[in-house]
Amino acid sequence: MTDALTPFLAATVRTATPLALAALGEMLVERTGIINIGLEGAVLAGAFGALAGATAGGVAGGYVGAVAGGLLVGAIFAFCVLVLRADQIITGMALTLLAVGATGTLYRALYGASGASLQAPTSGPWAVPALATLPILGEALFDQPVITYVTYLLVPTLAWWMARTHAGLALRAIGERPDAAAAAGIPVARMRTIAVLVGGALGGLAGGTLVLAQAGTFVENMSAGRGFIALAIVVLGRWQPLGVALGALVFGAASALQFAFQAMGWNVPYQLFLAAPYLLTLGALAGAMGRARAPASLGRPL
Amino acid sequence: MRASRGPAWTVFLALGSLMAIVGATALLLLIAGYDVPRALGALWTGSVGSWYALTSATLVRAIPLMLTGCAIAVAFRAGVWNIGAEGQLLAGGAGATAVALLVPGAGTIAIVLSLATGAAAGGVWAGIAAGLRARFGVLEVISTIMLNFVALYAVSFLVRGPLQEPTHAYPQSSSLADAVHLARIPGAGRLHAGIALAVVIVLAAGWVMRHTAAGYRLMAVGESPAAAASAGMIDVRRVTTLAFITSGALAGLAGAVEVLGVTFALYEDLSPGYGYTAIAVALLAGLDPWRVIGTSLLFAALEAGAGAMQRDAGVPSTLVSVIEAFLILGVVAAQALRARRASMVTGGELRRESAA
Amino acid sequence: MSVAPPALELEHISKRFGPVTALRDVSFRVEAGHVHALLGENGAGKTTLMHVAFGMVVADSGAMRMSGSPVAIDAPSDAIAAGIGMVHQHFTLVPAMTVAENIALGGRGLLRRGAMVAAVEDLARATGFALEPDALVETLSVGAQQRVEIAKALARRARVLILDEPTAVLAPAEAEELLRWVRRFADDGNAVVLITHKLKEALAIADRITVLRQGQVVHSGAAADASANMLASAMLGEESRPPNETPSAPARVGSNRTAIAADEVNVTLAAHHVTVHDEHGRGTRLRDASLTVRAGEIVGIAAVEGAGQWELLRALAGRIAVHAGRIERPAQVGFVPEDRHRDAVLLDRSLTDNAALRGSGARRGRVSWHRLRVVTRSLMEDYDVRAPSVAAVMRTLSGGNQQKFVLAREMTAHLLPAPGASSDAAAIVIENPTRGLDVRATAEVHARLRAARDSGAAVLVYSSDLDEVLALADRVVVLHAGTVHEVPADRDLIGRAMLGAA
């Protein structure tokens, strides 16, 4: 059993890494009362940016490109929603569409319409000394690409920042009562802009992870809905960093289970496992197992 | 989202948008260094340049876009952000397939029953999100996106499980009996009777929105829930829930029509994202079902032409998505700017007054 | 006593909002160690003046000094930095956060839990308030939330504390306790501005009292030299009222209508022992309230802010449900709410669309836009609504024309009446009918209401401006703390009853 368990856990963590990155970014955005469904576009732009960056400057260049791609989407969103005051939801949808179109077009234009598989340099797993040899969990948790470890660090860092700094408190206050936050002298617009940019950057990083730590190449529309999954994870994680990390693992496990079953040749309707986390999230919204309460001002017109 | 200003204005707007789109496409092609005349020529021949292209490519594609575009228009008009037309379409496709396969083929009755089941399935799928919104205040943006995934996996399960074709070799349902196919329009290639159904329904929806009390309530609730409740004594929750479910039913019908008219079986990739393109279709139409006829044809032509452009001029077909995205961004930005200018003239001053 | 400069001085402050002059050359000062009560009726400019001091409203002219030095305050953050704290009528707390978090909000650097709790405990000690650092604000009573607001202001080292109607939301015992605290706080060398319309409060704890009326200072002096009578007269401003607008209640009701007024048929709008709770079910907004408006009379409601008029008007107009008692009303009651932009119109739609809003909840089947356009056109003509056409977008109209349009719509019982049926509304409920309107538009609206009354409508009007109530009403009822009091049509008596000083 353990010989099946370790690959399953490793696959769970691997799948969860980009989901967690994107969801953590979106969590920050939603904590300021904004919902960016252009996150899917940021992930995709990040994946393409990773390819472009990696062909120029290796893995490091790839991650720079990924962040830049996500930031670009975040910046357009911030401009439309926070400066022009365009509708958040429609802007987000349009940005996702834009990213699908633009990355597809650029990819075909730059790398050939055939989409011949381009090899991007990848960062292979790096085993953490000592920890990686722990039974069962060691290999799954500590023999992963470096970006996974970055994610491990990001979760407690964000949790600490949100709970233990005035800036984090301000962020939470904006999502609940922007007027009260403004009355306390908090620069609401500036913090929202920063949150949207960071959210975009983390979404881009998630896309970069797909290319640089997993696939080693770019495929059109390779984000494959991960940005939308991240939106669900934020809800399931109840807008808390640790919850979001756990939510990402739930979604990661569901999809890892699919591969595990396929690998073992079991004829199980794996779609049910894939759908399960969404149903869980809907249940959480409806108040099963205690209500997941969204920031009070989430999605309200500015 | 203003009231219409007469037919001349509509024609002007339509021609203007069309020229803007062609212009933007040409510009993008120019920047990317493609042979612009050749690419535009391919776009033309692939979409409306031949009878075959017009009927079998453009019009066939326009049918689901028309119905889903109308679905989005109905929902957005009522202030319901239904991002779930894609999932509702899949639910409708699955429901219609199940009925068409299970009900022994009695021709017209089976077709009607399938279409009705498809619409009902879409309505139920939207009803989940509508119920969550009405009962728990759940943002429909989040719930409908999730329901899109659930629908996708559910269809994926169905075509590998209960509805899979008997040989179990392919992830698809059995093909539907000829008796339940929507009739082809004679002399119009693959174009089927669904076009008439779609046009009739969209015309009816537009008429209801313009000329009935129910349509008025939909608009009033979308414009200002507070004024609708206070001045109109409208039951806002009831209206939004009904609009949501109606929207789902229209999208579900689109799925049913697609199965009965085009694919003749249930597939996972039944829709190449019609439910998402529908948002662009509806927004460009100013959320007016009648204008959705025009914009759905436009987007159908663009997407049909894009394939030809790629084949004949080597231009990536994904360019269409870029154009669609710019159109949406342009529309919402223009609306935002107009609302801001208007509120600077009046609203700001009055808000301060009542605050004082 | 040394002549230390006042803690806060406002000099020659003027402010206009569009056509309305909110403040006219107002000077105001508060000394350290003093409680300075700022009195006035609703709309007299008290809150606006203090919003200027707190940087929420920028004055058109005037200057500010603190402890003798000029200060420029353009935003609340400037005011906070200068040592001014303000507790608004509507609290600015984050309900989903704890007391400690709310108090810490707006700081910089690390958030140390120990320090946060210690800060709350220090504040609790300094103020004598029972503050629970870890309690969620949304679970606290209104009084407790108010104490958190005050603590929040003091945590920023406020030396000048502005309290806007602090006792309006409190139970009597809580109010007394708060006022005792305010006194002690001032005695410790701080300055307090107490905005209120309650004479007793001002006389009980203030050192100085300033009365504003229509944006001007009409009285300022030591509290010891003031009497309730004198302050009431200053607030109500006997002299400014033109004689021809004196209420003629007895004559009016006593005329030929009296005979039929007793007839049940003519009781068009009535509340019988109505009770309405607030939305959380914690408090009672309206208590066993009974009121009758007969056909052919204008009943005016006089009340201070938050006395239950919001609920009473909406209950009578059928806009909210009552928790006990019974409402008697015709099927269609015209209702003109105070916040027209929010509650009465579709700003981005045509005038025809806006006319159609009336009764749209119950309408069935097809809408005859042709007839509606005709009706809209006649509404515009009848009420002199200045707009290019029935297709004009509501937002493009001036405030006065918007109000006239809403009034026109609501005064018509059925926009599309059955042939032969009367089209005049049987009952109209109207709230602050002329807020934001200039003199001319105000006169027009008043004339419309009187005309409606004369043609047999039952009209219920509330205005935060007592003069307007008196000018319009045939009969005035006073609403105080959710209960209805019938009061003789005497301005002074009404004014006192509103203030709970009857």
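1. Which residues of H5(A) are buried? Ile147(A), Thr148(A), Thr151(A), Leu154(A), Leu158(A) and Met162(A) are. An α-helix has 3.6 residues a turn, so residues three or four places apart point the same way. The model is predicted, so everything below is read from computed coordinates.

2. Of its 24 residues, 20 are buried, so H3(A) is largely enclosed by the rest of the structure.

3. Where does Arg85(A) sit? Its place is the loop between helix H2 (39-83) and helix H3 (88-111) of chain A. Arg85(A) counts as partly exposed because it has 18 C-beta neighbours inside 10 Å, and a residue needs 20 or more to be buried. Leaving out residues up to four places away in sequence, it touches Leu302(A), Ala336(B) and Arg340(B). Leu302(A) is 217 residues away along the chain, yet the two C-alpha atoms are separated by 6.9 Å.

4. Next, the contact of chains A and B. It takes 42 residues from chain A and 40 from chain B. On the chain B side, helix H5 (108-136), helix H6 (140-158), helix H11 (274-284) and helix H13 (319-345) each supply at least two residues. H13(B) gives the most, with 13 residues. By class, this side of chain B has 30 nonpolar, 7 polar and 3 charged residues.

5. The contact of chains A and C takes 15 residues from chain A and 17 from chain C. Helix H6 (166-176) and helix H7 (178-183) of chain A each supply at least two residues of the chain A side. H6(A) gives the most, with 5 residues. This side of chain A divides into 8 nonpolar, 3 polar and 4 charged residues.

6. Chain C in outline: 18 helices and 19 strands. Of its 502 residues, 49% count as buried. Among contacts in chain C between residues at least 6 apart in sequence, 67% join residues at least 24 apart.

7. What is the strand order of the open sheet of 6 strands in chain C? The order is E6-E7-E8-E3-E9-E10, with mixed pairing. The edge strands are E6 (84-87) and E10 of chain C, each pairing on one side only. Neighbouring strands are turned by 15° against each other on average, direction ignored. Met86(C) has Ile162(C) in E7(C) as its bridge partner. Helix H8 (residues 228-236) of chain C packs on the sheet, touching E3, E9 and E10 of chain C. Its direction makes about 30° with that of E9(C).

8. Val211(C) shows both sides: it stands opposite Leu39(C), and its bridge partner in E10(C) is His219(C). E9(C) and E10(C) form a hairpin with 2 residues between them. In the turn, Gln214(C) has a positive phi of about 50°.

9. How do H15(C) and H16(C) lie to each other? H15(C) is residues 399-410 and H16(C) is residues 439-454; their axes come within 10 Å and cross at roughly 5°. Angles under 35 degrees count as roughly parallel, and the two helices are therefore roughly parallel to each other. H15(C) brings Gly400(C), Gln403(C), Lys404(C) and Leu407(C) to the contact. H16(C) brings Ala441(C), Glu444(C), Val445(C) and Arg448(C). By class, the contact has 3 nonpolar, 2 polar and 3 charged residues.

Conventions: Residues are numbered from 1 along each chain as its sequence is written. Chains are lettered from A and ligands numbered from 1 in the order in which they are written. This is a predicted model: local features need pLDDT of at least 70, side-chain atom pairs count only at pLDDT 80 or more; totals for chains, interfaces and linings use all residues. A residue is buried if 20 or more other C-beta atoms lie within 10 Å of its own, exposed if 12 or fewer, and partly exposed in between; C-beta atoms are placed from the backbone. Helices (H or I, at least four residues) and strands (E, at least two) are DSSP runs, numbered from the N terminus. Two residues are in contact if their C-beta atoms, placed from the backbone, lie within 7 Å. Ala, Val, Leu, Ile, Met, Phe, Trp, Tyr, Cys and Pro count as nonpolar, Asp, Glu, Lys and Arg as charged, and the others, Gly among them, as polar. Two strands pair if DSSP finds at least two bridges between them. Axes are lines fitted to C-alpha atoms, for helices over the stretch in contact, and angles run from 0 to 180 degrees between N-to-C directions. Angles under 35 degrees count as roughly parallel, over 145 as roughly antiparallel, 65 to 115 as roughly perpendicular and the rest as oblique.
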